[in-house]
Amino acid sequence: KVYQCTVSAPVNIAVIKYWGKRDVGLNLPTNSSLSVTLSQDDLRTVTTASCSKSFEKDTLWLNGHVEDISTSKRLSVCVEELRSARQGLEKEDDSLDKISQLKLHVVSKNNFPTAAGLASSAAGYAAFTEAVARLYGLPWTPTQLSRIARQGSGSACRSLFGGYVAWEMGELHSGADSVAVQVEPVEHWPEMRVAIMVASAAKKGVSSTSGMQSTVASSTLFQKRVKNIVPERMQAMKQAIRKHDFETFAKLTMTDSNQFHACCLDTFPPIFYLNDTSRAIIRVVENINAAAGKTVAAYTFDAGPNAVVYFLEENSAYVLDTLYAVSRNAQGWEDSERNPTSVKIDDVASETVLSGVSRVILTKVGDGPRLLSSE
Ligand code: DP6
């Protein structure tokens, strides 16, 4: 007999960035962070977890590449915790099949090409955790599951929820209180739209894991950020989301992305994630907002040059027409009928964007992990 469960999990993009670990082993952050979950109709990881007597070792197939789970510290930590929780259930209830003794096979696939240049570890570890927990029938809340996913990859803990999600840093040494909570569900502010502008599909130069370690070790600006700035920003961001205040949401998002990249520059030796195309996109978004006379679009960048632009449905024609005007050669515009507008974008910015954006992905805020099948 094969026990099997298939789930999907979403990507999330932080608007208050996680950058820095206070405990590397447990993956505990130096500051809280907040993200928007993106729609699984457009971007998702689908993961099937199964177990059977005939399986010989815990194995993961990630986009077709096979990996022995026991050789990955991050994966084995997740499996060990979930398996021992299942063991606990089996001890309490004799009628349960002893599937905790069987080896696991996990097959995981992203529906977006690696060439989209998107970090996939968040959706990947969220889907992994959700699939194994469902297979094991664990009666856990998304917050409890987020503690497991966090140990795989920090940002993954936020993908256990839809909508607007905070990862509260916690204070315990054990990490028990370093978990994700939902700030608001997708229904609270479903008008949030997202354009991902792919400025490079190449794998990033400095991984987030090692980049943040060297920032913690060398940046003085970073110390100020985590102590004096992020705590207040978290509160302000939650307020903005509760009040549907896009202008505040947007300003916090852009300044937090800028400060994260400033901390990277303040790291020694410095880390550069933005490139000329990224900077040109920043100028285009500034142009959009200046022409609108208010803030209608916000950019944010993770550990790479790709831009994520947030805007509201009501401004989508205007924002997208302008983004189209500066990146019409990019893949991804095919399905949308766009008119370049009369908005004046400065020439340097538009030329640099035009030559640098290879693909756009249009999406919106979405819900949390979905159970697709189980047997
Ligand atoms: C810039 O979650 O990839 O995207 O915990 O070491 O796996 P690890 O790092 P990871 O870092 C994400 C950093 C970021 C900001 C964010 O998503 O909050």
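**Entry on Leu-160**

I looked up Leu-160 and list it as buried, because 34 C-beta neighbours lie inside 10 Å; the cut-off for buried is 20 or more other C-beta atoms within 10 Å of its own, with exposed at 12 or fewer, partly exposed in between, and C-beta atoms placed from the backbone. I note that the model is predicted, that local features need pLDDT of at least 70, that side-chain atom pairs count only at pLDDT 80 or more, and that totals for chains, interfaces and linings use all residues. Residues are numbered from 1 along each chain as its sequence is written.

I place Leu-160 in the loop between α3 (142–152) and β10 (164–168); helices (H or I, at least four residues) and strands (E, at least two) are DSSP runs numbered from the N terminus. Beyond its neighbours within four places in sequence, I list contacts of Leu-160 that include Pro-142, Leu-145, Ala-180 and Gly-368 (C-beta atoms, placed from the backbone, within 7 Å).

**Entry on the chain**

I count nine helices and 16 strands in the protein chain. Buried residues account for 49% of its 375 residues. Of the contacts between residues at least 6 apart in sequence, 74% join residues at least 24 apart. The C-alpha atoms fill a box of roughly 70 × 45 × 40 Å along the principal axes.

**Entry on the ligand**

I find 15 residues around the ligand, with Ala-14, Tyr-18, Ser-153, Gly-154 and Ser-155 the closest (C-beta atom, placed from the backbone, within 6 Å).

**Entry on confidence**

I record ipTM 0.99 and pTM 0.97 for the model.

Methods. Contact = placed C-beta atoms within 7 Å.
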